[in-house]
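User: I would like to learn how to read a model like this one. Please take me through it feature by feature.

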Amino acid sequence: MAAGQQQLSVASFFFFFFSGVLTFPLGPENKSGHVCGYESCHVTKHNMLNVHLVPHTHDDVGWLKTVDQYYYGDRNDIQHAGVQYILDSVVDQLLKNPDRRFIYVETAFFFRWWKQQSSGVQQTVTQLVNQGRLEFVNGGWCMSDEATTHYSAVIDQMTLGLRFLNETFGSCGRPRVAWHIDPFGHAREHASMFAQMGYDGFFFGRLDYQDRVRRMLAKEQELLWRASDSLTPPAADLFTGILPNGYNPPEGFCWDQSCDDPPIRDDPDLEDYNVDEVVRRFLDTANDQATVYKTNHIIMTMGSDFQYENANLWYKNLDKLIHHVNARQGNGSKVHLLYSTPSCYLQELHRANLTWALKTDDFFPYADSAHDFWTGFFTSRPALKRYERVSNSNLQTCNQLEVLGGPASRKGPYGEGESQTMKEAMAVAQHHDAVSGTEKQHVANDYARRLATGWQHCQVVVSNTLAALSRSSAERIYCDNLNISVCPLTASSKQFSVSVYNPLARPVTWPVRLPVNGESYSVSDAKGKAVDCQVVPVSRATREVRKNRGHAVNELVFQVQAPPLGYTTYSVSLLQNGPPPAPPGPALQQPSRTSICCVRVLQFLRVTFDPDTGLLSSLSNLETNQSIKLTQNFYWYNASDGNNSESNQMSGAYIFRPNSSTPFIISRMAKTETVQTSVVQEVRQWFSPWASQVVRLYTDSRALELEWTVGPVPIDDSLGKEVITRLDTSIKTSGLFYTDSNGREVLQRRKDFRPTWNLKQSEPIAGNYYPINSRAFIKDDVDQLTVVTDRSQGGGSIQNGSLEIMLHRRLLYDDVRGVGEPLNETSNIFPQGLVVRGRLLLSLERPPAAADTHRPLAQEVVLQPMLTFTDGALSPDTRLEFSGLQAALPPAVHLLTLTQWDSDSVLLRLEHQFQIWESEVNSRPVTVNLQKLFSTLEVVGVSELNLSANQWKDEMKRYDWTPQTDKKPPLLKTFEDPSTWEVTLRPMEIRTFLLRVHLR
Ligand SMILES: *[C@@H]1O[C@H](CO)[C@@H](O)[C@H](O)[C@H]1NC(C)=O
Ligand SMILES: [Zn+2]
């Protein structure tokens, strides 16, 4: 315990007058004059087993109900849950006894509630926070999913929640502990981020059942997670604790209104007095639990989903439990109960001064039993997963342009715009039942609607800033459906211009494809130079998925090159009209030697197709002079319906369980059609009415694009289907493949193997699936094939040389993990089942240099160009090109965040985007000068923050933990920043700065 005076607590008198224990310890006051955090923890007893009772509620930011339905307690017919009542009730109950504690986690809800409180209640709550009686843990806007999120959006949502807590409560509102009690498996990159956000420790509930058993026996449920192979320890070291019952109370001790366990009946005059029985049961439970943990402290999570709506029930019984169990100490009992919080428990583990098992891999995949692998949600709701990823790109552009435009961005010719709505919508979408795809359909629709509204608000910002920078207030039009060739303006206009904003800090070349109806066009760049452009017919697959939402018959294709953090403008004019009625497009042909030929491009890549099947047959990199055999096709696993001798588990939103390890092939051959122009070459493959693909190679590209279109997945045979594409290559993988963690560091995966325990594999396919957030690769000594994805997906390498990625799922049964609906997505436009389209980008490189290609490639998919259109000719004084940077950043450096913080400061995050072992050229420290960064912003002051921007870097102090087996990290040369303005980034480092700026 903290050395310091003890003080009497008046209110605790009522509960402890029997035993005469009247102590309520207060530590020394902290800087702010408050006693919160570690100093406010209750005393423990060093010679006893201390049981930390942690009252908590788990409030999903949307799942079976929308976030607002949960907040208000609406639609209790779906699920009884109302967060406003929980917070009301908990505050009342905390006031009744100062010994009581409560933790709160999800700032999305707390923020809603706080806004609605009177200043009196706000003051009361502030006092509870300042006394450590109400403590925030985790504190992000939501508790993010770990398998399907991208680090950029996770950092943003944590920043949003933690900023509110800091601004509302100051340092007593800063969570010390990260708390991911529900996510379905745990990503190493999340642990790395939490460490860099300054958390002292991390607790979670779910891990593989075999891993759990081994850890219980070895007392390794508490460990030190070294979450980066590039950052110098302890920068990414995170103490990690696995909770004993997920996040539920021990069996028999749930006293919420939603539970049926017997209350403590403590009147000896009444017949059903049960105190002795309850105390005995509790002591048994506590002593059992203590056998699988290392110290004389154990933690019990006293709460669960949406509990504490009537907090009196819980607290009344917990008060009694604590009193009666501790009273036994007089008779020699060695068990001591206390109200506690995760940080108070963590403090005791830290004081124990032990060494802890070191872990360097991650906690995927998660299985709760032999045939129950939670690997389906890696792909569930692929359309929502893509929309979330696109929305992140749009938000980053919006944030950047809000900074570059200054006040003109928020109020301008287009009206009032702001990024806040989009920030909140994206933050909510990171929740572990949002982008994960494990929510009910109406909730998925609500997340998408929020993103759409956020984007509307952001569009005003984007338009305002572009108007200010270009000095043109001509109406700007957005075409959000270019992926299905819909854009009424380009389809009908004879003359228009397109502005391309590049949110990356280096110049980038992208292809654009615009729906048009003319036969030929001229395109000129910002300097008036003609650009090679070609017209290709809209494919049959695109017309089918587009339905009647657009009628363009052609696509105009050209490459655009945009300056770093800036825009450039292309002018397009119609030269020749097309024939008036829409032509049917070239007929698809059976594959034959004449219809398929090798698609050739001189510079970088060559692909060949099998003339008999129309499938890909090889991929070559002409620059590096390497070539692999590559076939690719589409298959589906028959989703288990539960009727199976081994287990009755079905495939569902969470769980992937194929009925057989051999997937069905959709078609052995593809009908094909070839388009060859000087800008792009395409082989369009048609496999079935619900599966098609375009294999596309742009001139100068280092990546081959596979644009897949899958759906409506047929279910008239009453079989649920999990659709994959599989790449089979000549690469000798020896059972290994590689996946990224939340879009950042790459982890090695080995078939039927886990690095930290002896795996008994019971699901040969589902048990070998891992999350892919932005890339996966297979390699041998000479060849590395990398696949960059445009959203999070699940995938595996089941056979040597092979890589499969799950694209879409349509299922007929619920998998009994709570969502209560089969994953069977339809919509108004697709009543027969959702059609989903996406892209995979393939690159073939020599292994040592592959990251030099796939790192920038993946960033180009994550942060895509923002196109805006204006009809007619531009006025002559329009500024056609602009860059917000003085110069492009070095290739190793990614500008992760640029966003307005308050009126005269902006938040900047710079990231070194290479792992330490990845690249000869790029895995080196780089120095950037902050004062010479921006072209229109003068930087007049700089302060460095932690990753989540809620603590100054120089005030960041974390607990030290000692690993059991320290592989001594190689002694790295330390790199000092050359000056305040020049900052050095080491591999995988993200540095966060608050810059005071003036618009020049
Ligand atoms: C935290 O909030 C306080 C006001 O409550 C503010 O003065 C301080 O600068 C904030 N800290 C950071 C790191 O932003
Ligand atoms: Zn949850």
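Analyst: Helices (H or I, at least four residues) and strands (E, at least two) are DSSP runs, numbered from the N terminus. This is a predicted model, in which local features need pLDDT of at least 70, side-chain atom pairs count only at pLDDT 80 or more, and totals for chains, interfaces and linings use all residues. Residues are numbered from 1 along each chain as its sequence is written, chains are lettered from A and ligands numbered from 1 in the order in which they are written, and side-chain values use heavy atoms, with hydrogens and water left out.

User: How many helices and strands does the chain have?

Analyst: There are 18 helices and 50 strands. The radius of gyration is taken over C-alpha atoms, and the globule rule is 2.2 Å times the number of residues to the power 0.38. Here the radius is 29 Å, close to the 30 Å that the rule gives for 1000 residues, so the chain is as compact as a globular protein of that length. The C-alpha trace spans about 95 × 70 × 60 Å along its principal axes.

User: How do I read helix packing? At what angle do α3 and α5 pack?

Analyst: Axes are lines fitted to C-alpha atoms, for helices over the stretch in contact, and angles run from 0 to 180 degrees between N-to-C directions. Angles under 35 degrees count as roughly parallel, over 145 as roughly antiparallel, 65 to 115 as roughly perpendicular and the rest as oblique. Helix α3 (residues 83-96) meets helix α5 (residues 119-130) at about 60 degrees, with axes 11 Å apart. The two are therefore oblique to each other.

User: Which residues of α3 and α5 make the contact?

Analyst: Contact means heavy atoms within 4.5 Å. V91, L94 and L95 of α3 touch T124, V125 and L128 of α5. For classes, Ala, Val, Leu, Ile, Met, Phe, Trp, Tyr, Cys and Pro count as nonpolar, Asp, Glu, Lys and Arg as charged, and the others, Gly among them, as polar. The contact of α3 with α5 has 5 nonpolar, 1 polar and no charged residues.

User: Now α4 and α6. Which residues meet there?

Analyst: Geometry comes before residues. Helix α4 (residues 107-115) packs on helix α6 (residues 151-169) at about 40 degrees, with axes 9 Å apart. α4 and α6 are therefore oblique. T107, F110, F111 and W114 of α4 meet G161, F164, L165, T168 and F169 of α6. By class, that gives 6 nonpolar, 3 polar and no charged residues.

User: Are α12 and α14 roughly parallel or roughly antiparallel?

Analyst: Helix α12 (residues 382-405) and helix α14 (residues 420-429) pack at about 150 degrees, their axes 10 Å apart. That makes α12 roughly antiparallel to α14. From α12, E388, S391, N392, N394, L395, N399 and E402 take part; from α14, M422, K423, M426 and A429. The contact divides into 4 nonpolar, 4 polar and 3 charged residues.

User: What is phi of R471?

Analyst: Phi of R471 is near 55 degrees, a positive value in a residue other than glycine. R471 lies in the loop between α15 (441-470) and α16 (488-492).
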